[in-house]
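The following note sets out a few points for discussion with a colleague. It is meant to be read alongside the sequence and coordinates.

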Amino acid sequence: MISRSLDDHMPSSSTSPHPLQRNLAPHLHPFQKPREYARALTAVKMDRMFAKPFVDALGGHQDGVYCLGKDSRRVGVVAGGGGDGEVIVHSLTLRRPLLKIPHAHKGMVGGICWTSESHDGQRGMITAGKLDGTIKIWRSEAFAPGIRDKELFQGSEFASGFGSAGHQQHLDQAGAIGENGLDMDVDFDEEEEGGGLNLDFAKRDKLGENLEPKMVYTNKNGLNGIDHHRTDSVFATASNTVQIWDENRSAALSNLQFGSSLETVNQVKFNQSETNVLASVGNDRTMCLYDIRTGKAERRIVMQFVSNDISWCPTLPTTMLLASEDHNLYTFDIRNLNSPSQIYKGHVGGVMGCDWSPTGEEFVSGSYDRTVRLWNRESGKSRDVYHTKRMQRVFDVTYTPTADFVLSASDDGNVRIWKSNASKKLGVVSSKERQAIEHRQKLVERYSAEKGVRSIKDRRHVPQSIHNATKLKRDMIESRKVKEDRRREHSRKGREKPKAERKKAVIVEQK
Amino acid sequence: MDALLASAGPLPTKKQNYKGKQSSTYTKKSGPTSHQTIPRADGTSIDPSLHSILSSTRIPAGFHQSNLASGSGSTPIKPDVSIGRIQDKKLRSKLARQDITHKQAKLDRQDVNEWLNKAISGDKGGIEVDEELGEKTWRVKQSEISDSVSVGSKGKKFDLKFEGMGSYKVDYTRNGRHLAIASSKGHVATFDWQAGKLHSEIQLKESIRDIKFLHSQDFYAVAQKKYVFIYDQNGVELHKLKQHIDPTHMEFLPYHYLLATVGHAGYLKYHDTSTGVMLTQIPSHLGSPHSMAQNPHSAIIHLGHANGTMTLWSPNMTTPHVKLLAHRGPVNGIAVDPSETSAGRYVATSGMDGVVKIWDGRMWGKEVRSWHVRNQVTTLGYSGMGMLSVGGKSGVTVYRDLHSGNIQHTPTPYLTLPLPSLTASSVKFCPFDDLLCVGHEKGISSLLVPGSGEPNFDSNEADLYETYSRKRERDVRGLLEKIRPELITLDTDFLGHINESRGGETFEERNSRSYRQLGRLERLRMDGKADEPQNQLEDEDEEGEGEGGEGEATQKEKVKRKMKGKGGSTSRYLRKKQKKNIVDNSLLAMKAKVAAQKKAEDTRRKIANGEIVKETGALARFA
């Protein structure tokens with residue numbers, strides 16, 4: 001006979017938890033699959049319910065924002081370059097400009113990057129003019145507000161230029177990946193309570209107007225892109241050739257070009273692991289690899305369409321990402337440049353910018369079709385698509401160094417902050433909650449092939465125009481393919497072989 | 001450039017001095033490396049690459065799967081052979097990992113069942129007698145059992161006597177803690193039988209045909225003379241379900257929150273008790289049913305009818321899933337075996353013809369076992385360990401081990417529980433306890449049946465010691481995990497499989513689609529790369545496990561060929577006319593037309609095949 005003791009099944013004291021007895025035999029757990037499915041359905045619905053990716057828009061630009069400069073050593077700062085030559089350094093934590101340089105360039109700003117090492121205790125920002133062909137290095141304490149301590153901040157002039165240099169240097173090096181971010185918040189909050197906000201803005205504007213570049217380089221041609229070497233004081237620019245510059249010398253170190261070809265180079269990027277290798281994309285539909293130690297162009301591929309942007313994967317040194325004008329993105333393994341390793345389809349306008357997440361597993365892209373898309377490296381379909389009514393054509397996107405947020409620069413003069421995971425909770429998550437979240441994720445993953453779950457998971461509301469464009473594009477491609485099929489059916493056997501989509505992308509590889 | 005290519009691979013480990021001596025002459029060159037040390041504020045510097053797990057790190061041998069004490073991991077678990085055929089490397093490794101995890105979980109569960117959940121002594125905890133001395137278990141009386149069990153168990157045997165109230169129906173909640181009784185003359189009571197606490201007792205003063213608890217002890221439904229009513233724990237009438245007219249039987253599907261009722265009119269009605277919406281009502285077209293049961297593992301409703309048939313229903317089909325002639329008389333008892341060995345596969349039925357039959361849900365063609373019982377059977381019940389109680393006139397008989405042993409013979413009863421001059425109107429085993437509750441004309445009797453109940457309950461499914469807060473939690477979770485009624489299927493493993501057929505397409509439509517427009521499976525099949533079940537069988541044959549004839553025996557799945565032109569208006573017209581057997585001019589004309597068409601079609605086919613030569617020339621039109 002079954003006889004149970006209450007001692008085993010009742011809590012030993014009023015505060016202790018209720019004892020649980022488990023029996024995992026399947027006959028006591030009927031409908032295992034349907035119940036799990038119901039749970040997965042709830043999980044995926046919750047995921048969509050909490051998907052609120054938009055965090056904030058950082059304004060202040062008079063014209064559209066056409067380039068972003070991320071300081072990979074600090075979390076909370078990003079610079080945006082406007083169409084009227086204005087450069088604004090935004091603080092992401094405070095969500096307001098730290099410094100405005102109204103006439104940094106004549107005409108559009110082509111590119112912004114940050115120096116790798118601090119110099120005289122001041123962060124350096126390098127900007128390149130798209131029309132005036134100048135490169136300017138700006139150095140100011142205002143770029144790094146987190147590294148000043150409180151009395152210094154209150155006592156000295158904002159634009160004092162040199163504070164206690166040794167102290168500054170020490171802090172600047174330690175300030176890698178936002179260590180003092182919290183202090184900064186406290187400082188500014190206290191200051192706001194004191195009512196010094198207006199004064200602060202005025203000072204900031206004055207500082208920006210009076211700020212003089214520490215170094216100015218001139219170039220005959222306009223500059224389309226700029227990127228800094230990871231460790232050395234060397235940077236590369238893209239004009240009609242790729243030029244290598246030193247921060248301490250006034251003339252270019254070298255000019256790099258493939259053979260004798262002259263083309264407009266759109267973008268240039270240094271590799272993050274093998275730091276002397278760089279890649280460029282050009283107007284002749286080319287992608288070219290250089291090595292600055294040999295000073296030569298190594299390889300080049302010619303593709304079907306021109307690429308607008310390029311990005312090196314931070315964790316896989318041989319992987320690079322191209323944002324193409326043909327609405328697609330391509331990843332290449334540079335050991336095999338014959339064909340891309342993956343094609344990413346989804347945009348319905350030319351892709352203007354792309355950036356890898358610091359983990360190298362995901363990346364973000366911004367397009368002329370007014371959307372930002374997020375992708376997994378391994379799948380050719382986008383994971384998510386972000387848009388708002390007011391966001392216009394997106395010209396540059398970037399991941400923040402913590403991989404939590406994505407920034408987009410668009411025509412409408414705003415830098416927008418988005419969450420990189422639309423439904424992720426910001427702030428502290430208890431371990432119990434995290435377990436529940438992980439459980440839900442796993443459930444969704446498990447049932448994502450099922451129609452009911454998949455349709456909720458993949459469904460994204462996009463503007464009517466994009467929806468229509470997607471449909472039209474799909475129909476066009478479909479009918480083209482069907483026509484090709486039919487033609488093949490009625491031609492001699494083996495004459496017209498179908499060509500894989502990946503093989504079509506690259507026309508020729510040159511060495 | 002080459003350095004970049006080299007750096008894509010794993011970095012080689014630094015060679016160490018073999019004897020452990022430090023060579024003083026060696027100094028590290030401070031050349032550029034791909035990994036830089038990061039100077040910290042406190043003057044130290046860290047090399048991030050040193051702080052990751054070294055490539056030479058190993059799991060200690062004691063933790064190796066093969067060295068674990070359980071022995072279950074003595075042979076490494078290997079993924080399914082069929083996974084090896086997958087071309088895609090990533091997918092293959094992912095599926096292999098999943099497969100290994102599943103197999104490991106299965107082994108773990110077996111271990112848990114073997115070590116923790118097994119009965120401490122004996123096999124299943126039933127009565128043991130000395131068979132050699134001629135002792136029989138069915139001769140053991142209730143008084144003898146209650147004398148030899150502990151005081152706590154003795155208290156579980158009780159009788160509630162209500163004279164002149166009619167025959168009683170009983171129902172337990174899912175955890176077996178609470179009991180509801182209802183007499184045919186209107187007496188209803190619910191109580192916690194273990195604590196001896198009465199929840200509600202009401203006199204409805206009209207005939208009652210059935211009583212069922214809903215998802216918890218808080219609510220119960222009563223099938224009364226005209227309608228179904230829902231009462232709460234205090235006996236307050238909450239709802240009158242007007243759509244359920246003249247109900248005779250009820251079942252509640254706890255995971256779907258569906259109340260299924262059937263009445264004299266023979267309509268099976270599903271009512272969602274969480275939303276209060278009538279889901280569907282299905283006419284059975286077989287008149288007033290004599291019995292009803294649910295399969296707790298598939299939520300299929302079984303109905304027993306007056307003409308001896310048993311039908312299986314789900315809310316998704318207007319026709320029964322299965323309809324079988326079970327008895328040569330009305331089917332008045334159905335029970336589904338919920339035990340571990342059966343898991344809803346075995347069904348017992350009893351008929352007015354005095355036969356009890358056991359059916360296997362995987363093959364309805366013939367009963368597994370059948371035997372005659374002498375007393376008139378009225379009701380059946382299965383216990384958590386697979387014991388069958390057959391209740392009838394003047395007593396209840398309990399059988400065990402019905403699916404094993406010699407199934408040709410009449411089974412020997414395990415226990416006989418006589419009820420002199422009474423008829424059992426309802427028998428229910430208490431879940432997770434060794435009790436059988438019998439409702440009869442003089443109240444109810446709770447009887448001891450050792451070894452009938454499942455001893456190891458799971459608190460997350462049915463908690464015997466449920467507190468108020470845990471019940472609240474379970475109520476909310478249950479609603480959140482409510483299964484949609486569309487998922488009730490005869491095959492419980494249906495969810496998550498690929499539906500191959502793409503309905504509503506004619507053969508021509510399917511053939512006219514371009515290769516690109518085909519589905520993935522069709523395309524793979526065209527390329528000869530589809531993962532067909534035949535391949536799997538061949539693989540099994542290679543392993544030497546599968547039977548030789550099985551490969552041919554499995555039928556190929558038939559692709560439905562819907563042809564245009566079949567069942568058209570002309571042939572329908574002809575069929576109708578010919579049925580009536582009236583020959584008139586219009587029919588003759590139509591027949592001639594059809595014959596001419598047929599002939600023309602025939603010649604066209606023959607010409608195409610080259611059997612005859614097409615006549616040409618001026619006279620060809622008269623051919």
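1. UniProt positions are given here in the numbering used for this structure, and annotations may be inferred rather than shown by experiment. With that in mind, the UniProt record, an unreviewed entry, assigns "domain: BING4 C-terminal" to residues 413–492 of chain B. The model is a predicted one. In it, the span 413–492 of chain B is 16% helix and 31% strand, and its end C-alpha atoms lie 32 Å apart.

2. Over residues 324–360 the chain is 0% helix and 54% strand. The C-alpha atoms at the ends of this stretch of chain B are 12 Å apart.

3. One sheet of chain B deserves a separate comment. Its four strands follow the order β16-β17-β18-β19, and the sheet is open with antiparallel pairing. Strands β16 (291–294) and β19 (322–325) of chain B are at the edges with a single partner strand each, so one side of each has no neighbour in the sheet. From one strand to the next, the twist averages 15°.

4. The pairing of β16 and β17 in chain B can be described in more detail. Strands of a sheet pair through backbone hydrogen bonds, in either a parallel or an antiparallel manner. Here β16(B) and β17(B), the latter comprising residues 301–304, run antiparallel and are joined by four bridges. Within this pair, B:Ala293 has B:His302 in β17(B) as its bridge partner.

5. How many residues of chain B are in contact with chain A? The contact involves 63 residues of chain B and 56 residues of chain A. The size of an interface is often expressed as the accessible area lost when the parts come together. For chain B and chain A, the buried area is about 5,300 Å², with 58% of it on carbon and sulfur atoms.

6. The polar side of this interface may be listed as follows. Between chain B and chain A there are 17 residue pairs in polar contact, counting pairs with both residues at pLDDT 80 or more. The rule also finds four salt bridges across the interface of chain B and chain A. A salt bridge links B:Glu481 and A:Arg39, where the closest N and O atoms are 3.0 Å apart.

7. Which helix of chain B gives the most to the side that touches chain A? Helices α1 (2–7), α2 (89–115) and α5 (468–480) of chain B each supply at least two residues of that side. The most comes from α2(B), with five residues.

How values were computed: Residues are numbered from 1 along each chain as its sequence is written. Chains are lettered from A and ligands numbered from 1 in the order in which they are written. This is a predicted model: local features need pLDDT of at least 70, side-chain atom pairs count only at pLDDT 80 or more; totals for chains, interfaces and linings use all residues. Side-chain values use heavy atoms; hydrogens and water are left out. Two strands pair if DSSP finds at least two bridges between them. Axes are lines fitted to C-alpha atoms, for helices over the stretch in contact, and angles run from 0 to 180 degrees between N-to-C directions. Contact means heavy atoms within 4.5 Å. Buried area is the accessible area (1.4 Å probe) that two parts lose on being put together, summed over both. A salt bridge is a side-chain nitrogen of Lys or Arg within 4 Å of a carboxyl oxygen of Asp or Glu. A polar contact is a pair of N or O atoms within 3.5 Å; within protein, one must be able to donate a hydrogen and the other to accept it, and residues adjacent in sequence count only if both atoms are side-chain atoms.
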